[in-house]
Amino acid sequence: MRIDLHTHTTASDGKLEPIELCQRAASRGVEFLSITDHDTCAAYRELGTEVRVPVQLIPGIEFSSYWQNTGIHILGLNIELQSEALNRAIDYQQKARAARAEQIAVRLEAHGIENSLAAVRKIAGNTYIGRPHFAQHLVNIGKVKNINAAFRKFLGPGKPGDIRRNWAPMPQVIDWIRQAGGTAVLAHPAKYGLTWTKTGALLDAFCNAGGHGMEVISGQQQAELTERLARLSLDKGLLASSGSDFHQPTEGWREVGRATELPSDCRPVWEQWNLE
Ligand code: AMP
Ligand code: MN
Ligand code: MN
Ligand code: MN
């Protein structure tokens, strides 16, 4: 079974329209796809019911959150899109995102980057504004050479544009996902710049707050990392998830459908969903 439980579209910071993503996934042999845009389920609304979608969709979302001083991402998988709790949650996070964009712009001013918000709004093209849009602006005005440098100098962990506490805290996000009947999965645990000891503590807190699983596979990754994450999921009694984190066709290491297989001793999140 080919399954990809972590992808993005133009509804957040991805480059393909929802239908284009579904077509690309299908052509690459994906049977079950979760579109997990940042803090929004708008892609599912766009796809509607009348379009013939060439894959089986598992409704999902990637919530922004934080734990202690670290910004984290939590996937809500197999959620009920009609859930009132979910829609209240999305509303909360969208307001947080809009407020954060204003705060980032103010902080950038202190670094001689003026009036970024208007330019960023233009780049974003809709109401969703993310740090990648700020990164693009910084490249456009020649402040940095590329997107990566924009994150390294201005937007990444510990930098002026890294504002975490606007988001709902981890227990709140897990609670929203549970209320929407979904499976709460800690996204890419190895990508928060934490030591393994700290990562273990994060996973303990995630379990205690009612989280169900963690991503053991995020795109293409080294066998050693897969081993380590698989062992952690077993130690903590967490289900294992797998996804590409696809954003755009130019990034081969996280192409849709291109995820290393889960080790056989893991308990896949989808086992409890009765997929056919
Ligand atoms: P936001 O949801 O607005 O906080 O933006 C976070 C997004 O920025 C992530 O989901 C990634 O898509 C992107 N991102 C984070 N770090 C980097 C980086 N170093 N280079 C490029 N994109 C990044
Ligand atoms: Mn992203
Ligand atoms: Mn993420
Ligand atoms: Mn993602």
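What you have here is a predicted model, in which local features need pLDDT of at least 70, side-chain atom pairs count only at pLDDT 80 or more, and totals for chains, interfaces and linings use all residues. Residues are numbered from 1 along each chain as its sequence is written, chains are lettered from A and ligands numbered from 1 in the order in which they are written, and side-chain values use heavy atoms, with hydrogens and water left out.

**Manganese ion (ligand 2)**

- D13 (OD), D13 (OD), H38 (NE2) and H247 (NE2) coordinate the manganese ion (ligand 2) at 2.2 to 2.8 Å. Donors here are N, O and S atoms within 2.8 Å of the metal (3.2 Å for Na, K and Ca), and since water is not among the atoms, sites may look incomplete.
- The arrangement around the manganese ion (ligand 2) is irregular, because its 6 donor atoms subtend angles of 50 to 152°.
- Along the sequence, the donor residues of the manganese ion (ligand 2) read D-x24-H-x208-H. D13 sits in the loop between strand 1 (3-4) and helix 1 (18-27), and H38 in the loop between strand 2 (32-33) and helix 2 (42-47), so this pair links distant parts of the chain, 25 residues apart. Helices (H or I, at least four residues) and strands (E, at least two) are DSSP runs, numbered from the N terminus.
- D13 counts as buried at 14% relative accessibility, and H38 does too at 7%. Buried means under 20% relative accessible area, exposed means over 50%, and partly exposed is in between (1.4 Å probe, protein chains only).

- E62 belongs to strand 4 and H73 to strand 5 (residues 70-77), so the pair ties together parts that are 11 residues apart in sequence.
- E62 is buried at 0% relative accessibility, and H73 is buried with a relative accessible area of 18%.
- How far is the manganese ion (ligand 3) from the manganese ion (ligand 2)? They are separated by 5.8 Å.

**Manganese ion (ligand 4)**

- H6 (NE2), H8 (NE2), E62 (OE) and D245 (OD) coordinate the manganese ion (ligand 4) at 2.1 to 2.2 Å.
- Its donors follow the spacing H-x1-H-x53-E-x182-D along the chain.
- H6 is buried, with a relative accessible area of 0%, and H8 is buried, also with 0%.
- The manganese ion (ligand 4) is 4.8 Å from the manganese ion (ligand 2).

- Ligand 1 has 13 residues around it, and the closest are H38, R97, R100, R131 and H247. To be near a molecule or strand, a residue needs one heavy atom within 4 Å of it.
- A polar side-chain atom of R100 lies 2.6 Å from an oxygen atom of ligand 1, and a polar backbone atom of R131 is 2.8 Å from an oxygen atom of ligand 1.
- An N or O atom in the side chain of N148 is 3.2 Å from a nitrogen atom of ligand 1.
- On its own, ligand 1 has 500 Å² of accessible area, and the protein covers 75% of that. Accessible areas come from the Shrake-Rupley method with a 1.4 Å probe; for residues, only the protein chains shown count as cover.

**Aromatic cluster**

- There are 2 aromatic pairs, counting rings of Phe, Tyr and Trp (its six-membered ring) with centres within 6.5 Å; planes under 30 degrees apart are stacked, over 60 edge-to-face and the rest tilted.
- The F63 and W176 ring centres are 5.7 Å apart with planes at 45°, so the pair is tilted.
- F63 is in strand 4 (residues 60-67) and W176 in helix 7 (residues 170-179), so the pair ties together parts 113 residues apart in sequence.
- Both F63 and W176 are buried.
- Ring pairs join F63, Y92 and W176 into a cluster.

**Two single residues**

- I35, in the loop between strand 2 and helix 2, is buried with a relative accessible area of 1%.
- N208, in helix 8 (residues 196-208), is exposed with a relative accessible area of 71%.

Notes
Tetrahedral: all angles 85-135°; square planar, octahedral: opposite > 155°, others 65-115°. Polar contact = N/O pair within 3.5 Å; in protein donor to acceptor, adjacent residues only side chain to side chain.
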